[in-house]
Amino acid sequence: MKAWAALRAVPSWVYPALLGALLLALPFLGADYGLTRQVELTLIMALIVSGLNLSLGYAGQLAIGQVAMYAAGAYTAAIISKAGTTDLLVHLLVAGLAALVVGILTGIPGLRLGSWSLAMTSFFLVLLVPDVVTILEEHTGGAHGLSGIPPATLFGYQLGPEQFYFCVVAVTILWFAAFRNIVASRHGIAFQVLKQSPVLASSVGMSVFRTKLAGYAIGAVPAGLAGALFANLDLFVSLDAFSFHVATGALAASILGGSVSVYGALLGAGVVEYGNSQSSSFQEYSLVFFGLFLLIGGVLMSGGVAGAARKLAARLDRAAGVLPGAKSGTETEIAPITGGTMEVTGVAKAFGGNQALTNAALRAEPGRVTALIGPNGSGKTTLLNLVCGYYRRDAGTITLDGKEIGTAATHAIARLGVARTFQTPLIPPGITVRDVVASGRYTAEPASFGGAILRTRRFRRVQRRDRERAGQALALVGLDHLADTEAATLPLGMRRLLEVARALVAEPKVLLLDEVASGLDEAEVETLAALIRRIRDAGCTVILVEHNFGLVLSLADEIVVLARGSVLASGTPAEIEADPRVRDEYLGVTDDSVTTGKEGHA
Ligand SMILES: Nc1ncnc2c1ncn2[C@@H]1O[C@H](COP(=O)(O)OP(=O)(O)OP(=O)(O)O)[C@@H](O)[C@H]1O
């Protein structure tokens, strides 16, 4: 166990760096041509698989079009090479761009149409490759392939097989470093937030369409790079390399290695390529093997080899006492918040023939808790969803500080300062408590993909602030000691507090809490109530949708009671408690139980 603790003390980038150094050193260690070619083919496959991991594993886009981007990169590099431009750097640049363009052009309609469209578009994209290649036969060589590609050069020097090997390894190292930087940054977390739920993503201010497109299109780039390398490896490009069979192999490699992983792509690609090269029966029955890999990686291991390795590491960590950096739960002060006035007037919303809201109204002000109560189905959540822009109202106005927001997109409303929690907490699996909270700051301070890849000073500054603010918010809700724990494993009460922390780091003007106390025990409700009071006292506008009448009475400054989509009554807790209509319509309890103020309503 001591050995394990020592291994864990080594910074995590050291291991991939050692692997990179070993690959670069292979020719000096006496590796023959057969072995270096095997490594080259594996790395080319690993580039394709890493793109799949980014778009499918991290961003959750069910798309397998990587082979089409691979073809785009290979043919582009081959064609410009035959036209006289043999510089490998130019090839990589143009092939990467060609793949990006194919990704964007196919991603836009695929994502706009929603649902399974992207999966279908990318599936047909792979099937279309032979047709496109045949149509452009004059340039691509059609079914005969494109031969006579001149050897690649770099800055005017022709690359021999050994130098080309170094180039393949170098491109792979650089891309994997970029890939690792993306997934370890707020953008990688954003992809996982989106994968968990588009509703959650838009509630923290992300444009769902743009984030999905970014995941899909960036995932195309390494496939384009792989294409350029492949064209210059054999100096011959033919359709065999871009068949549906290769696409299935890439998918199997992704699942086997672990699609939510960076280096799993290398492992999956290694297994598939090794099988292809070593055994003719593997090639003959490859679809059976790929199916087997999908079963092993997807079902038996759940998360592939990388997922299994992570679980094993966590177990060894526990056994060796290597615990995530636990800190004391010191409370911090909430910095003053500039709240906003939210006004809802005459809002109506129907779902088909079901009139969920007919005439809803409320006015929520800074430094006050406005509670929205009402029986099941009275329209409370519908009203919250209208305020957040998930639905469009049929009539009425919704304003924030006097400005109409009723027609704005969800992510735009979030950026105006409206944050929320959900009836069922939406916590993405596989990310830490700290990262879940930091994801709430995605739009508070922008940071580009380029900055994330290159780790620019500005990016590191934003990242530092993300961590600081997340740490403060966690201390505030009493979860800072769990900052490095996987968030989805926390019990319900903690996940609810975590959602409040995530909403808080966005420094919202208006905080919407949707049944935030449901499922909590008494002590947890107390903690939560104290927290909501502090948020209110800091100046935030709090809108609380809640069934726990006792909690509402003790917290609210103003209560709005909805019944059958309209406002039944509104006023102070004392007024609402004394209102006979509320007692009849909503509470349906005797005078005695109401006056105790403790009767919950489930
Ligand atoms: N997306 C939807 N499609 C169709 N009908 C919906 C939709 N969302 C809500 N409704 C209907 O609108 C009405 C109001 O529902 P809503 O969820 O807003 O009530 P609620 O007061 O939040 O209830 P609860 O306390 O049970 O959460 C219900 O009749 C519900 O079935």
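Trainee: How many of the residues of this protein count as buried?

Mentor: Of the 602 residues, 48% count as buried. Keep in mind that we are reading a predicted model. Along its principal axes, the C-alpha trace spans about 90 × 60 × 45 Å, and the secondary structure comes to 27 helices and 12 strands.

Trainee: And how should I read the contacts along the chain?

Mentor: Look at sequence separation. Among contacts with a separation of 6 or more, 76% are between residues 24 or more positions apart.

Trainee: Which domains does the assignment give?

Mentor: There is domain 1 (22-243), and there is domain 2 (342-427 + 507-596). Their centres, taken over C-alpha atoms, are separated by 49 Å. Domain 1 puts 10 residues into the contact and domain 2 puts in eight.

Trainee: Which residues is Leu 544 in contact with, leaving aside its neighbours within four places in sequence?

Mentor: The partners are Val 369, Ala 371, Leu 372, Leu 513, Val 552, Leu 555 and Ala 556. Of these, Val 369, Ala 371 and Leu 372 take us to strand S5 (residues 369-373).

Trainee: How do I read the two faces of a strand?

Mentor: In a regular strand the side chains alternate between the two faces of the sheet. In S5, Val 369, Ala 371 and Ile 373 are on one side, with Thr 370 and Leu 372 on the other. Both faces are covered, and five of the five residues of S5 are buried.

Trainee: Which strands pair with S5, and in what sense?

Mentor: S5 runs parallel to strand S10 (residues 541-545), joined by four bridges; Thr 370 stands opposite Ile 543 there. S5 also pairs in the parallel sense with strand S11 (residues 558-563), again over four bridges. In that pairing, Val 561 is the bridge partner of Ile 373.

Trainee: What surrounds the ligand?

Mentor: The shell consists of Phe 351, Asn 354, Ala 356, Gly 374, Asn 376, Gly 377, Ser 378, Gly 379, Lys 380, Thr 381 and Thr 382. Strand S4 (354-364) and helix H17 (380-388) are the elements that give two or more residues to this shell. The largest share, three residues, comes from H17. By class, the shell has two nonpolar residues, eight polar and one charged.

Trainee: How should I read the burial of a helix such as H17?

Mentor: An α-helix has 3.6 residues a turn, so residues three or four places apart point the same way. H17 is mostly covered, with seven of its nine residues buried. Those buried are Lys 380, Thr 382, Leu 383, Leu 384, Leu 386, Val 387 and Cys 388.

Trainee: Which residue follows H17?

Mentor: Gly 389 follows H17, and its phi is positive, near 90 degrees.

Definitions and conventions. Residues are numbered from 1 along each chain as its sequence is written. This is a predicted model: local features need pLDDT of at least 70, side-chain atom pairs count only at pLDDT 80 or more; totals for chains, interfaces and linings use all residues. A residue is near a molecule or strand if its C-beta atom, placed from the backbone, lies within 6 Å of it. Ala, Val, Leu, Ile, Met, Phe, Trp, Tyr, Cys and Pro count as nonpolar, Asp, Glu, Lys and Arg as charged, and the others, Gly among them, as polar. Two residues are in contact if their C-beta atoms, placed from the backbone, lie within 7 Å. A residue is buried if 20 or more other C-beta atoms lie within 10 Å of its own, exposed if 12 or fewer, and partly exposed in between; C-beta atoms are placed from the backbone. Two strands pair if DSSP finds at least two bridges between them. Domain bounds come from an automatic or database domain assignment.
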